[in-house]
Amino acid sequence: MTTFKDIDTLFTSTIRDIERPTANHPLNLHSPAMQVFTDFKEQQPLMLEQSTTIDGAREVMKRTHSKLFLVIDPQESFRGVISLEDLVSEKVMRESGHARLRWSEMTVEQVMTPRHRLRALDFCEFRLANVGEVLATMKKFGEHHLIVVDTQNRSLRGIVSAHSIARRMHEPVLISERAVSFSDIYRTIAG
């Protein structure tokens, strides 16, 4: 067994000041996008298994105060994303009718946005972008969250959200949902 040496301590009787970041520049549209990036190499991503019930997912989101989770399969492979909006929308009712299931029987997998329908930014481009460019991309596609991927490793690198940008800028960020493909328009019309 390894033996560790203890570290010398001292009393804080002469300590008065508290160190704080010196470069506390307010966030603006020209700030580097990396300032609003949640990097999964540094912060554990929020994940739910695709078999989680709708009610279970809503409860987890409520407890964690989070509006978006990555969806994984039992092998922890990325399958899609689920948002609080997905869980409280007519999408759940529609899918419940199609699958002939009660609300309590439905899972995240049935209402999530699958990975093949998600738009993402390449990390190499993202790290050179500014906040204004990220917001313009979100607005163009009507997305409140953008996933950032590492194409070389074929992995999710992180995420950026309009909500966190708005909070950091102390200004509202308005993003209208937008159908971006014929299939999106058809799904909206067909109900």
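**Pocket, sheet and helices**

Tutor: Happy to! In this predicted model, strands β3 and β8 (155-161) each supply at least two residues of the lining of the second largest pocket.

Student: Which kinds of residues line the second largest pocket, and how many of each?

Tutor: The lining includes F40, P45, M47, L70 and I72. It also takes in E76, S77, F78, R154, S155 and L156. The volume of this pocket is about 180 Å³. Sorted by kind, its lining residues come to 7 nonpolar, 2 polar and 2 charged.

Student: Now the open sheet: which strands stand at its edges, and why is one side of each left without a neighbour?

Tutor: The sheet is open and has 4 strands, in the order β2-β3-β4-β5, with mixed pairing. The strands at the edges each have a single partner strand, so one side of each is left without a neighbour in the sheet, and these are β2 (47-49) and β5 (113-114).

Student: How many bridges join β3 to β4?

Tutor: Strands of a sheet pair through backbone hydrogen bonds, either parallel or antiparallel. Strand β3 (residues 68-72) and β4 run antiparallel. Along this pair, V71 stands opposite G80 in β4. The number of bridges joining β3 to β4 is 5.

Student: At about what angle does helix α1 run to β3?

Tutor: Helix α1 covers residues 54-64. It lies across β2, β3 and β4. Its angle to β3 is about 135°.

Student: Is S83 buried or exposed?

Tutor: S83 lies in strand β4, which spans residues 78-83. Leaving aside residues up to four places away in sequence, S83 touches M61, K67 and L68. Its relative accessible area is 14%, and because buried means under 20%, S83 is buried.

Student: Which residues of helix α7 are buried?

Tutor: Helix α7 runs over residues 162-169. What covers its buried residues includes α6 (131-141) and β8. Just after α7, H170 takes a positive phi of about 60°. The buried residues of α7 are A162, S164, I165, A166 and M169.

Student: And for the whole protein chain, what percentage of the residues is buried?

Tutor: The protein chain has 8 helices and 8 strands. Of its contacts with a separation of 6 or more, 61% are between residues 24 or more positions apart. Among the 191 residues in the chain, the buried ones make up 36%.

Note on methods. Residues are numbered from 1 along each chain as its sequence is written. This is a predicted model: local features need pLDDT of at least 70, side-chain atom pairs count only at pLDDT 80 or more; totals for chains, interfaces and linings use all residues. Side-chain values use heavy atoms; hydrogens and water are left out. Buried means under 20% relative accessible area, exposed over 50%, partly exposed in between (1.4 Å probe, protein chains only). Contact means heavy atoms within 4.5 Å. Two strands pair if DSSP finds at least two bridges between them. Axes are lines fitted to C-alpha atoms, for helices over the stretch in contact, and angles run from 0 to 180 degrees between N-to-C directions. On a 1 Å grid over the protein atoms alone, a cavity is a set of points where a 1.4 Å probe fits but cannot get out, and a pocket is an open set with protein on both sides within 12 Å along at least five of seven lines; lining residues have an atom within 4 Å of a point. Grid points are joined across faces, edges and corners, and a volume is the space filled by probe spheres set on the points. Ala, Val, Leu, Ile, Met, Phe, Trp, Tyr, Cys and Pro count as nonpolar, Asp, Glu, Lys and Arg as charged, and the others, Gly among them, as polar.
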